[in-house]
Amino acid sequence: MYAYTDFDRQFVRARAAQFRDQLERNLRGELGDDEFRPLRLQNGWYVQRHAPMLRVAVPYGELSSAQLRQLAVIARTFDRGYGHFTTRQNLQFNWIPLPQAADVMDLLAAVDMHGIQTSGNCIRNITSDALAGIAPDEIVDPRPYCEILRQWSTLHPEFAFLPRKFKIAVTGATEDRAATLWHDIGLHLLKNAAGEVGFKVFVGGGMGRTPVIGSLINEFVPWQQILVYIEAIVRVYNRYGRRDNAYKARIKILVKAEGPRFFDAVNSEFAAILTRDVDAGAQLITQAELDRVSASFVLPAGVKPVPAGFGDNASNDAPLAYTRWRERNVQLHRLPGYRAVTLSLKRAGQAPGDTTDVQMEQAAAIAERFSHGELRVTHEQNLLLPWVRESDLFALWQAAKAASFATPNIGLITDMIACPGGDFCGLANARSIPVAEQITERFADLDEQYDIGDIDLHISGCINSCGHHHSGHIGVLGVDKDGAEWYQLTLGGSDGSTASGASVTGKVIGPSFAADEISDAIEAVIATYRRERTVGERFIDSVRRLGTTPFRAATDAVRQATAAAHA
Amino acid sequence: MKFIDPDHDHWHTAIGDDDPMPTPGPCANRLLALEQWHAVREHWPRDVKAGVVVPNDTDIETLELDLPRLALIALQFPKWVDGRAYSQARLLRSRLRYTGEVRATGEVLVDMLPLLHRTGFDAVQLRADQSLESSQRALRFFAAHYQGDVQDTQPVFSRRAA
């Protein structure tokens with residue numbers, strides 16, 4: 001993990017002090033609520049349905065056990081004893097009273113954490129591959145570049161008030177596990193024919209009301225120049241992005257409207273920075289800086305390749321649950337003798353991504369015992385242990401099971417992505433959690449889940465798409481009609497992973513379903529798949545082959561309220 | 001950072017009885033609208049320095065040839081969360097190497113001060129209700145920043161190496 005320097009520490013403390021000053025001026029009435037709003041947002045403080053929500057940045061998903069323990073303390077002391085991990089690898093609290101906000105920021109700063117740029121119309125927290133630095137298919141470790149990008153984007157003075165939010169995702173592997181083409185900027189680290197490291201740059205992806213897949217703008221930007229290239233993109237966006245309509249303000253709209261002219265503007269701006277600006281060379285990343293940051297991402301002390309084949313120390317009569325867990329929750333590692341292990345945050349009785357203070361402490365203890373105190377927050381809202389010895393797997397499974405992290409469902413239907421929805425979020429049109437609960441109950445039988453196999457179910461409570469419904473094999477979108485909750489169903493979306501196919505938006509099937517129909521509709525989709533699939537065909541492949549027609553017919557058949565309404 | 005008191009500002013707009021004068025005569029410390037400047041720049045003597053108010057959707061680079069004749073460029077924040085003028089200021093200083101006054105006008109609030117300073121503004125006219133003391137305090141929270149800016153072009157990693 002990146003090790004904070006004194007500079008980083010002083011910086012986060014300065015930010016906490018600045019926020020305290022702003023909060024105090026707000027509480028004294030000197031700074032009106034409307035004008036305080038963008039300031040608190042850029043520190044992660046929303047005002048939601050019940051109370052403020054705090055989004056804590058977990059840069060590119062890397063979390064230490066000490067940080068997780070501090071988050072547990074905050075959850076217990078200031079919140080109602082839990083937090084929610086998000087698709088953007090962050091953590092959200094839901095119940096902290098705003099007057100205590102500055103105290104919480106101080107506690108976060110004490111463990112090198114903050115909420116800087118987790119909201120607002122600025123460059124948001126950078127996201128990456130949860131398997132960064134450990135994936136067998138990795139070309140270049142993205143973490144040092146993510147950290148350099150984090151530092152560059154932190155309190156960038158020119159880009160704090162963009163037309164709209166701006167999200168950057170980075171991957172360095174052949175497999176895209178970060179949904180990069182769904183981001184304002186997607187970066188793919190690679191090596192050219194000469195073996196030099198650079199970035200393939202995509203721009204203008206995004207979800208929301210107008211889902212768009214990012215376009216390739218540059219095949220190869222040498223790593224030294226990437227900050228300048230991003231500066232060029234963001235400057236063109238800041239100058240020319242629409243500000244008259246919040247729904248048309250993301251960079252994707254500018255890219256679509258301008259097409260090649262946008263690319264030309266970026267490339268001219270890039271050239272102008274390098275050739276005309278004062279001290280342009282100073283913005284190039286130096287080898288010394290890359291080396292300094294990379295030194296934080298070497299193997300943890302004590303981690304060294306061990307001969308494989310010594311097994312996992314499980315007895316021959318290890319339970320089926322363990323075998324399944326090994327199959328679903330354990331992933332290959334670039335180091336011989338090591339594995340990456342996912343702690344599932346998808347279990348009955350808790351909303352997807354939710355974790356109690358006690359569970360946070362249990363996860364921290366497990367990470368300390370089995371993974372050198374390191375965890376990752378995954379895009380799919382789980383926790384991942386990056387440094388597990390294969391020989392520890394059985395012991396880890398027992399510990400994970402005791403702490404309710406061992407549901408062997410990674411990649412299955414109950415491992416769904418879901419936003420907090422209308423139970424918490426002030427923006428939501430409908431609740432997400434009850435839908436997630438119903439799906440978890442209906443597919444509680446693991447045999448059935450295994451039979452259904454790999455599937456991405458994504459649930460968003462509104463068109464802002466925090467639950468990534470556009471990219472789900474099955475997508476559920478909450479909509480509001482005349483004050484009632486309705487749910488639109490989409491099929492065939494993809495996050496851009498190899499298994500899911502090229503990034504694409506799912507297709508809507510039929511009119512929205514009533515709240516008491518949506519789970520039946522999903523069940524009908526699954527039943528249709530099981531009936532129609534060929535041997536070994538995965539859900540997403542069946543949807544591609546069959547099209548939406550048979551699924552639509554099946555879901556129409558379960559309509560009750562909507563059938564009556566449309567009769 | 002210079003804080004402009006509008007009652008004691010030595011720059012004055014060229015307003016007629018009711019409307020802006022279309023072609024004001026040459027006069028020191030005249031703060032012109034961009035259209036006025038375009039109308040008079042061919043006629044004004046080159047040694048009379050003008051000030052010009054530039055809307056935030058103007059391509060600032062189109063002013064490049066005029067810069068030696070401009071002593072003040074007032075950039076605008078019609079809404080404080082509209083950040084286009086930060087890019088204009090940055091380009092004026094770093095690309096066009098403008099050394100005259102760059103002033104922030106419009107909805108200029110306390111908490112914008114660090115951003116204004118770092119993107120090259122050297123004068124601000126605060127919105128009337130804003131506290132001068134809080135504005136000055138807002139400039140003092142951070143000793144240094146990560147990325148280079150107009151004040152210090154070196155990012156922290158270059159400063160560290162130096």
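How many helices and strands does chain B have? Chain B has five helices and seven strands. Helices (H or I, at least four residues) and strands (E, at least two) are DSSP runs, numbered from the N terminus.

## About the model

This is a predicted model: local features need pLDDT of at least 70, side-chain atom pairs count only at pLDDT 80 or more, and totals for chains, interfaces and linings use all residues. Residues are numbered from 1 along each chain as its sequence is written, while chains are lettered from A and ligands numbered from 1 in the order in which they are written.

## Chain B

Read from the N terminus, the elements of chain B follow the order β-β-β-α-β-β-α-β-α-β-α-α. The radius of gyration of chain B is 17 Å, close to the 15 Å that the globule rule gives for 162 residues, so chain B is as compact as a globular protein of that length. The radius is taken over C-alpha atoms, and the rule is 2.2 Å times the number of residues to the power 0.38.

Along the principal axes, the C-alpha atoms of chain B fill a box of roughly 55 × 35 × 25 Å. Of its 162 residues, 43% count as buried (20 or more other C-beta atoms within 10 Å of the residue's own, with C-beta atoms placed from the backbone). Take the contacts in chain B between residues at least 6 apart in sequence: 46% join residues at least 24 apart. Contact means C-beta atoms, placed from the backbone, within 7 Å.

## A sheet in chain A

Chain A holds an open sheet of five strands, in the order β1-β2-β5-β4-β13, with antiparallel pairing. Two strands pair if DSSP finds at least two bridges between them. The edge strands are β1 (45-47) and β13 (354-356) of chain A, and each pairs on one side only.

Strand β4 (residues 82-85) of chain A pairs with β13(A) over three bridges, in the antiparallel sense. Here Y82(A) stands opposite T356(A). Helix α11 (residues 357-370) of chain A lies across β4 and β13 of chain A and runs at about 90° to β13(A). Axes are lines fitted to C-alpha atoms, for helices over the stretch in contact; angles run from 0 to 180 degrees between N-to-C directions.

## Where the chains meet

The contact takes 36 residues from chain A and 34 residues from chain B. On the side of chain A that touches chain B, the largest share, eight residues, comes from α1(A). Elements giving two or more residues to that side include α1 (6-27), α2 (33-41) and α5 (143-153) of chain A.

Definitions and conventions: Contact = placed C-beta atoms within 7 Å. Buried ≥ 20, exposed ≤ 12 C-beta atoms within 10 Å, placed from the backbone.
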